[in-house]
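Dear colleague,

I am handing over the structure below, together with some notes on the ligand site. Please look through it before reading on.

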Amino acid sequence: MAPITDSVNGSKIYTPVKQSLPEVDPDDGYGAKRYSYETLVEIANFLLSRVSIRPCIGVICGSGMGSYWKQGSLAETITDAECIPYEDIPNFPVSTVEGHHGKLVFGRLDGIPVVAMQGRFHYYEGYPLWKCCLPVRVMKLIGVKTLIATNAAGGLNPNYKIGDLMIMKDHINMMGFAGNNPLLGPNDERFGPRFIPMNKAYNYEYRQIAKQLAKELNIENLVREGVYTCLGGPNFETVAELNMLKMVGVDAVGMSTVHEVIIARHCDMKVFALSLITNECVTRYDQDDEANHEEVLDVGRMRQDILRKYVTRLVAKFAEVENY
Ligand SMILES: O=P(O)(O)O[C@H]1O[C@H](CO)[C@@H](O)[C@H]1O
């Protein structure tokens, strides 16, 4: 290759070295190889060989929101339940956070075939983002077309109260701003294209349905619509961080969901996401309160009946409009 020269005095600046890029990224920055499409197909086939349900809707249970699967309330609503612990699934991560049981539950909600993640994976557990989202791609491969992601989040909007439900209308990908994204690395077109739009990530029709359903269930006063952001965690946010997020239009803060939604949209799944406001974010230095995970789990328990009813009816309504 010709050396690059200074256009003023002609002196040589540097001689470029011809490089060939590896065809596949050798590791993901965490010393591990990203799973290939074929490995994910193997996981999907393993699951399909173990269960008879063929789900079209996938549900991710947020912190504290999965516990009722175990306690019985939503589990009673899920009929024909077939559970597979994560540790029994080859190449699947395992849950390490309290309030995330670590099981896939296949079954029916209001007659509709679903698969629910009773426990999600977080970046702060040490999983790279691509691995946190691996179950979403597996869901896609087993036939899921609609994703319902739930999470526990701190309420930053001063009008929000503990126990409110926030329909996510958008997100701000703070981790993406810092260069971390679940789509980093070589793109496998079998999942989706290299570049994807995100302006319609949170399905408009689903959001209208959810607002209408809130009226029908008389929980309109609890249901909000807003913007979520995910910080990597595991520490809760500082006062200065929260005030900055408030200024840029964030209504609720958590440590999940954003990357799952990116992966779901990449493989063309329709998305609905719901935050349970489990605590009020502390935005003043003279406040004595401190965020803590126990409160998050307690509020999850407090709202479990309403959440169960709301999510079950949403599943039925989404299935109706989609003809599942
Ligand atoms: O987002 P989910 O999994 O609901 O959990 C939220 O609650 C935990 C903090 O209490 C964090 O993991 C945060 O992300």
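Predicted model: local features only at pLDDT ≥ 70, side-chain atom pairs only at ≥ 80, totals over all residues.

The unreviewed UniProt entry places the feature "binding site" at Ser 63, His 100, Arg 120, Phe 121, His 122, Ala 152 and Ser 256.

Around the ligand there are 13 residues, of which Ser 63, His 122, Tyr 124, Ser 256 and His 293 come nearest; by class, this shell comprises five nonpolar, seven polar and one charged residues. Strand S7 and helix H10 (293–302) each contribute at least two residues to the shell. Oxygen atoms of the ligand lie 2.6 Å from a polar side-chain atom of Tyr 124, 2.6 Å from an N or O atom in the side chain of His 293, and 3.0 Å from an N or O atom in the side chain of Arg 120. Of the 340 Å² of accessible area that the ligand has on its own, the protein covers 96%.

Turning to the annotated positions, Ser 256 sits in the loop between strand S10 (252–254) and helix H9 (258–266), and its relative accessible area of 4% makes it buried. Its side chain forms a polar contact of 3.4 Å with that of Arg 120, and, leaving aside neighbours within four places in sequence, Ser 256 also touches His 122, Asn 151, Tyr 228 and Cys 230.

Ala 152, in strand S7 (residues 146–155), counts as buried because its relative accessibility is 16%, which is under the 20% cut-off. Not counting residues up to four places away in sequence, the contacts of Ala 152 include Ser 63, Met 65 and Gly 254.

Best regards

How values were computed: Residues numbered from 1 in each chain as written. Heavy atoms only, no water. UniProt positions renumbered as here; feature names shortened; annotations may be inferred. Helix = DSSP H or I, 4+ residues; strand = E, 2+ residues; numbered from the N terminus. Buried < 20%, exposed > 50% of the residue type's maximum accessible area, 1.4 Å probe, protein only. Contact = heavy atoms within 4.5 Å. Polar contact = N/O pair within 3.5 Å; in protein donor to acceptor, adjacent residues only side chain to side chain. Near = heavy atom within 4 Å. Areas by Shrake-Rupley, 256 points an atom, 1.4 Å probe, with all protein chains shown as cover. Nonpolar A, V, L, I, M, F, W, Y, C, P; charged D, E, K, R; others polar.
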